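Load the model and keep the selection tool ready. Each stop below says what to select, then what is there.

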Amino acid sequence: FETVIHECAHILEAHRCGVMGHEHYFVSYYCEIESYLIEVGLVQAVDSTLRFSGCPTGSYAATQFGRPMLVRA
């Protein structure tokens with residue numbers, strides 16, 4: 001399921017920003033999608049040990065690996 005959220009975050013980032021990567025926008029959209037899925041009851045929670053697990057070393061997202069979900073503003 002983490003992979004689905006990850007790839008959807010790329011799509012949202014490309015749609016809103018015209019870029020795809022693993023930096024700040026990606027992390028923000030990833031958390032936005034995750035929050036929405038929890039809010040509508042599709043999932044209870046996403047395992048935080050998997051969060052950003054597929055991101056390349058050195059990316060901003062990789063620095064967030066395994067951290068609790070960021071609160072959506």
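Select Glu32 and show its side chain. Glu32 is partly exposed, with a relative accessible area of 23%. Bear in mind that this is a predicted model.

## Stop two: a bridge from loop to helix

Now pick Arg51 and Glu34. Their side chains form a salt bridge of 2.5 Å, N to O. Arg51 belongs to the loop between α2 and α3 (60-63), while Glu34 belongs to helix α2, so this pair links parts that are 17 residues apart in sequence.

Step along to Phe52. Phe52 is placed in the loop between α2 and α3. Read off its backbone torsions. Most residues other than glycine have a negative phi. Phe52 is not a glycine, yet its phi is positive, at about 65°. Phe52 is also buried, with a relative accessible area of 2%.

Side chains of opposite charge can pair when their charged atoms come close. How far away is the nearest side chain of opposite charge to Glu13? That side chain is Arg16, at 11 Å. Glu13 is buried yet has no salt bridge.

Leaving out residues up to four places away in sequence, the list is Gly18, Val19, Met20, Gly21, Tyr25, Phe26 and Tyr29.

## Stop five: Tyr29

From that list, centre on Tyr29, which is found in helix α2. Tyr29 is buried, with a relative accessible area of 9%. Its contacts, setting aside neighbours within four places in sequence, are Ala9, Leu12, Glu13, Arg16 and Cys17. Here Arg16 from stop one turns up again, as a contact of Tyr29.

Draw one more distance, from Tyr29 to Ile5. Their C-alpha atoms are separated by 9.2 Å, and the two residues are 24 apart along the chain.

## Stop six: zoom out

Select the whole chain and colour by secondary structure. The chain has three helices and zero strands. Read from the N terminus, the order is α-α-α. The radius of gyration is 11 Å, close to the 11 Å that the globule rule gives for 73 residues, so the chain is as compact as a globular protein of that length. Along the principal axes, the C-alpha atoms fill a box of roughly 30 × 25 × 20 Å.

Colour by burial next. Buried residues account for 36% of the 73 residues. The chain exposes about 4500 Å², with carbon and sulfur atoms supplying 60% of that.

Of the contacts between residues at least 6 apart in sequence, 47% join residues at least 24 apart.

Finish with charge. There are 4 positive and 8 negative side chains, and the centres of the two sets lie 6 Å apart.

Note on methods. Residues numbered from 1 in each chain as written. Predicted model: local features only at pLDDT ≥ 70, side-chain atom pairs only at ≥ 80, totals over all residues. Heavy atoms only, no water. Buried < 20%, exposed > 50% of the residue type's maximum accessible area, 1.4 Å probe, protein only. Salt bridge = Lys/Arg side-chain N within 4 Å of Asp/Glu carboxyl O. Helix = DSSP H or I, 4+ residues; strand = E, 2+ residues; numbered from the N terminus. Rg over C-alpha atoms; globule rule 2.2 N^0.38 Å. Contact = heavy atoms within 4.5 Å. Areas by Shrake-Rupley, 256 points an atom, 1.4 Å probe, with all protein chains shown as cover. Lys, Arg positive; Asp, Glu negative; His and termini not counted. Charge placed at Lys NZ, Arg CZ, Asp CG, Glu CD.
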